[in-house]
Amino acid sequence: MMDSKVLRWTGLIGLYLIIFLLLVEWLVPVVQLTNTGHLGLFLIFVLICLGSNIINLNGIMSFIIKILYVIWFLMYVYMDTTVFSIEGLMKITDEFVSSIQALIDGNWAGVADSFRSILFFVLLWMTIYLIHHWLTVKHSVLYFFLTTIIFLSLLDTFTEYNAKFAIIRVMVLGILLMGVLFINRLFKNSQVKWKPKHYAMLLIPLIVMIIGSAAFAYTMPKKQAMVSVPKHLENLMNWQNGQNAGIGKIGYVEDDSTLGGPFEKDNRPVFEATAKENQYWRVETKNIYTGKGWERKAGDIYVHTFDYGEEIPMTMKPGKKKNIDEATITLKKNYKFILQPYGLKTIDQPNDEKTFYIEIDGEKIRPTINEGKVLLPHYSMSYSTPEYSLKALQRTRKSDLKKLPKGYKQYLQLPDSLPKRVKELSVEITKDEKNLYDKANAIVSYFQYNGYKYSRTDVAIPSKKQDYVDQFLFDTKSGYCDNFSTSMVVMLRTLGIPARWVKGFSEGNEVPSKDPTRHFVVTNNNAHSWVEAYFPGIGWMAFEPTIGFNGFDNVLNDVKDNQNEGTINPKQKENDKARAEKKKKKKAEQKKKEKQEKEKAKKEEKKKQKQEKQKKQNQNQATNHQVNKVMVISVFILIMLAILFYLTRRKWMPKWLLMKYRLKGNHLQIDKRYADLLKQLSLIGLTKAQGQTLGDFAKQIDSKFGTNHMSILTQAYEESLYSKEAPTSSKEKIIECWKYLINRTTG
């Protein structure tokens, strides 16, 4: 008897193991294609769900465990902590409420990542429950098996995911699972006593057949792929591409392999900064231009590690020690990298266990714990903005480029498909400039004075045979920062000047503050790209080619005025004028401040009145927000409770039925009682087979429970249907049998 139970448990665990492996084939491509990450944590949740089903864990306990795990996941991934905290829960709740509002408003980009994860967990939860129902009640998973095959086939066809071996694994697992379930149904429906020997006689041929079929399919010759896609499928793919080419939301993204297309504005803040001056915030550089966008070198990523307070190994040297300033960053979006001011020296604030690494190829800095990327929501940095001597820049010559070390060849890479006219244009517009610095500025000036315009909406996407830079330079002449910066990098490289593409954020908006430090808010609209060029003897230097952006003001004019006219190009003159205007503005501002101080006293009374009105409005808005928040949370709790009640209906439904008939005065109502009993029996997997008589089904139930109550109840039910006389058994006996069986359905 004990051996039989062990074998049954082994078989049950084996079935759920196959289900787990099939779910892995779903999760792996989803996590890979969506860059979701944390596959292992999602698989743990799957194991928790399957394990609670195997041991038939109490519904409420199972619900609590899963909810606690989801909350822990959100805290760990998005709050950067493994400890539950009220502050973290409130932040997750706020993101949940704002995401619900974003969905109501149709703002899909406004949905928080934490909310997406919650939806993903709910989907997993419901899917596993459905599979459990198919497995234990229907004893068939055909729909799940077919859906998995179709899902992987579509991914293999329309995405970069290679599902060749995944489909083979799913076919083997699916056929094995269906075969095992079919064998189980045979034993159940035939009323044959279950014995390991009989089971093995059916299972072993199935396994041999699966292994033989898989080996045959693997060794058989394969038909070559079609040269052309069927017309209807091609139309579908073209339609899909057209849908994907719509207007996107501006903001920082990791993937830059395909540039182009219009963008909408997005005013949501991504971080706040305090610093001495408003400035650009660097994130990373990219070196490989493909003709469509930017990619990084394939393979392993090499890094330098460092700790708080250690000098960071940057390729761009910081400025003088006497000019060291401090900046602080407070994230409003879950970026797992460091925002870099130019001249970054150290990351301060050593108050936790985090370490850092900088990627050697792209110089992206990431905080880590145990080598895993984590979020650092608030940090401070020391930096000294680089400064360049105009005299030294004017001494740079093209001949110096011949002495460059081999390591700089990666910054001269260009695709073979780049049209020759790009280089011809670069040579033409820089031919009159003697030094490398002026050549770079000549390219910047070219965009300013030759009909190019800045636009976020009038932006073309190159066709398959078009080069992104060539299209912008000669055809459209309209675009945003990616167009200008990519074009300048490519043009510099055609001249033999090492250059790299830089991503980050442009200057944010200053927020008035009583503190002596200046505060800036940077939004998604500030996501930006620009250029860094390398000059021998000088080092890396940043350039801003995009029309309408101020760029960098870090060149020290140490050349005599009578020489400036012949050496500084129009863009440099504009910078000099801008500096002079800034000085004038500062003096004018000081005078204005004196007048404003006098006028402040008069305006304060009016401001107070306005502030009081505004406070009342804010209070009303806050109250409405809290009401909406409470309503959303209440609806969510009700939905969760409804799900909980549905999942645990096997536990509470018998008690409800007993109470229902007790309230009716314990009338016999044999037909209704019998129908309710059949439903309850089906919930625990005891369903009458097609073609099975009620009498045979009653014997099966009595054999299961070790009584004769189902036979007595079935006889009374049939007598009530086919005979006008009173049932043979007494009313009390019938009700007693029904109550006993109802109570047994609770498990």
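Reply: Let's begin with a term: helices (H or I, at least four residues) and strands (E, at least two) are DSSP runs, numbered from the N terminus. This is a predicted model, where local features need pLDDT of at least 70 and side-chain atom pairs count only at pLDDT 80 or more, while totals for chains, interfaces and linings use all residues. Residues are numbered from 1 along each chain as its sequence is written, and side-chain values use heavy atoms, with hydrogens and water left out.

Our close look is at a nonpolar surface patch of about 910 Å². Patches are built from residues with over 30% relative accessible area and no salt bridge, joining like charges within 9 Å and nonpolar side chains (Val, Leu, Ile, Met, Phe, Trp, Tyr) within 5 Å. Accessible areas come from the Shrake-Rupley method with a 1.4 Å probe, and for residues only the protein chains shown count as cover. Among the patch members are Trp-9, Ile-13, Leu-57, Ile-64 and Phe-84. Helix 1 (2-34) and helix 3 (59-78) are the elements that give two or more residues to the patch, and helix 3 supplies the largest share, 5 residues.

Now let's go inside. A nonpolar core is a set of buried Ala, Val, Leu, Ile, Met, Phe, Trp, Tyr and Cys residues joined through side-chain atoms within 4.5 Å. The largest one has 60 residues, and those with the most contacts inside it include Ile-19, Phe-45 and Phe-73. Helix 1 and helix 3 turn up again here, among the elements that give this core two or more residues, but the largest share, 10 residues, comes from helix 5. Contact means heavy atoms within 4.5 Å. Beyond its neighbours within four places in sequence, Phe-45 touches Lys-66, Tyr-69, Val-70, Phe-121, Leu-124 and Trp-125.

Helix 6 is another contributor to that core, and Asp-156 lies in this helix. Asp-156 is partly exposed because its relative accessibility is 35%. Although 127 residues separate Asp-156 from Pro-29 in sequence, their C-alpha atoms are 9.8 Å apart.

Finally, let's turn to charges. Side chains of opposite charge can pair when their charged atoms come close. A salt bridge is a side-chain nitrogen of Lys or Arg within 4 Å of a carboxyl oxygen of Asp or Glu, and the whole structure holds 22 of them. In one, Lys-503 meets Asp-256 at 2.9 Å, N to O. Lys-503 sits in strand 18 (residues 499-505) and Asp-256 in the loop between strand 1 (248-249) and strand 2 (263-264), so this pair ties together parts 247 residues apart in sequence. Both Lys-503 and Asp-256 are buried, and both belong to a network of salt bridges that also includes Glu-254, Lys-286 and Arg-366.

Compare that with Arg-421 and Asp-470, whose closest N and O atoms are 2.7 Å apart. This pair links helix 11 (residues 420-430) with helix 13 (residues 468-476). Arg-421 is partly exposed at 37% relative accessibility, whereas Asp-470 is buried at 8%.

How values were computed
Buried < 20%, exposed > 50% of the residue type's maximum accessible area, 1.4 Å probe, protein only.
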